[in-house]
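Welcome, and please open the model in your viewer. We will walk through its pockets and cavities, one selection at a time.

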Amino acid sequence: MSINNQRASHIAQVLTEALPYIQRFSGKTLVIKYGGNAMIDETLKNSFARDVVLLKAVGINPVIVHGGGPQIGDLLKRIGKESEFIDGMRVTDSETMDVVEMVLGGQVNKSIVNLINTHGGRAVGLTGKDGNLICAEKLHVAKNSDDPALQVSELIDLGHVGKVKSIDTSVIDMLIKSDFIPVIAPIGVGENGQSFNINADLVAGKIAEVLQAEKLILLTNTAGLLDANGDLLTGLNAKQVNQLIDEGVIYGGMLPKIGCALDAVQAGVTTAHIIDGRVQHAVLLEMFTNEGVGTLIRGGWQ
């Protein structure tokens, strides 16, 4: 068989393998949290945009929620403002919140929209303030006293850092029905109109829940969930995930992502996926191949 025929045969095999998945997920909604290397590396950025356009072309409805921490940090540094973090969360005073809105709602959001549109999609950028999409409230973080005898928790003020209070999906629904791809910056609005900076993983999870999405996909800079030997774990249910947490296999920065994924599947999202955003076309590989490129988590305890 010639090289050209071998390549054609391989393409046919790939399409044949993808077909059942395309048929199964056509008409379904998919929420993707976009961040990490996939948002910085030019090759990966273009790969992601093409994936999103292809998903829409085959009848799947992608909804994108993006982060932008490094970009926020870069701009703060340029204006001479130090970034301060507590438990992984950026302390966000009024000046920092202005920068967050400028970077997330402007620079980053519009660059993602432009990239998707350049590859033939029809994307529309939003923040959670548009149409009161994300109603938020202040996030209160407790810091336990160093003196165990006191057993008193001190509340830490992180400024304009929030959590999701409720989601109004009417804007998203309208865009999906009009054949657009929503691209959402995780900025929420409080009762008095104040802005809140919210963790993008949490926003993606809550949007997936209220949309009753087929899948929640979290792009990361790791291969997924790894066991104690460094091997990739997948096909996990809630019981297995909680056991891995109790055993200390899942810890540190992966815990919030896992918590987000578990909340989503227990609230009706069919599956959650933590996938390697450093791999080109990671979303398509996870969606349309038997092996995938990350960890799949489903609801239930059996």
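Start with the largest pocket, which holds about 930 Å³ of space. Keep in mind as you look around that this is a predicted model. To find the pocket, select Lys-33, Gly-88, Asn-199, Ala-200 and Asp-201, which lie nearest its centre among 30 lining residues. Which element gives the most to the lining of the largest pocket? That is α3, with four residues. By class, the lining of the largest pocket has 14 nonpolar, eleven polar and five charged residues.

Now move to the second largest pocket, with about 240 Å³ of space. Select Lys-215, His-273, Glu-286, Thr-289 and Leu-296, which are nearest the centre of this pocket, out of 18 residues that line it. Two or more lining residues come from each of α1 (3–25), β16 (271–276), α9 and β17 (294–298). Here the lining divides into four nonpolar, eight polar and six charged residues.

The largest cavity has a volume of about 70 Å³. Select its lining, including Leu-44, Phe-48, Asp-51, Leu-219 and His-281. Both α2 (42–57) and α9 (282–288) give two or more residues to this lining, and α2 has the largest share, four residues.

Finish at the second largest cavity, about 30 Å³ in volume. Phe-25, Lys-28, Ile-60, Glu-214 and Met-287 are among the residues that line it. Its lining has four nonpolar, one polar and three charged residues.

Conventions: Residues are numbered from 1 along each chain as its sequence is written. This is a predicted model: local features need pLDDT of at least 70, side-chain atom pairs count only at pLDDT 80 or more; totals for chains, interfaces and linings use all residues. Side-chain values use heavy atoms; hydrogens and water are left out. On a 1 Å grid over the protein atoms alone, a cavity is a set of points where a 1.4 Å probe fits but cannot get out, and a pocket is an open set with protein on both sides within 12 Å along at least five of seven lines; lining residues have an atom within 4 Å of a point. Grid points are joined across faces, edges and corners, and a volume is the space filled by probe spheres set on the points. Ala, Val, Leu, Ile, Met, Phe, Trp, Tyr, Cys and Pro count as nonpolar, Asp, Glu, Lys and Arg as charged, and the others, Gly among them, as polar.
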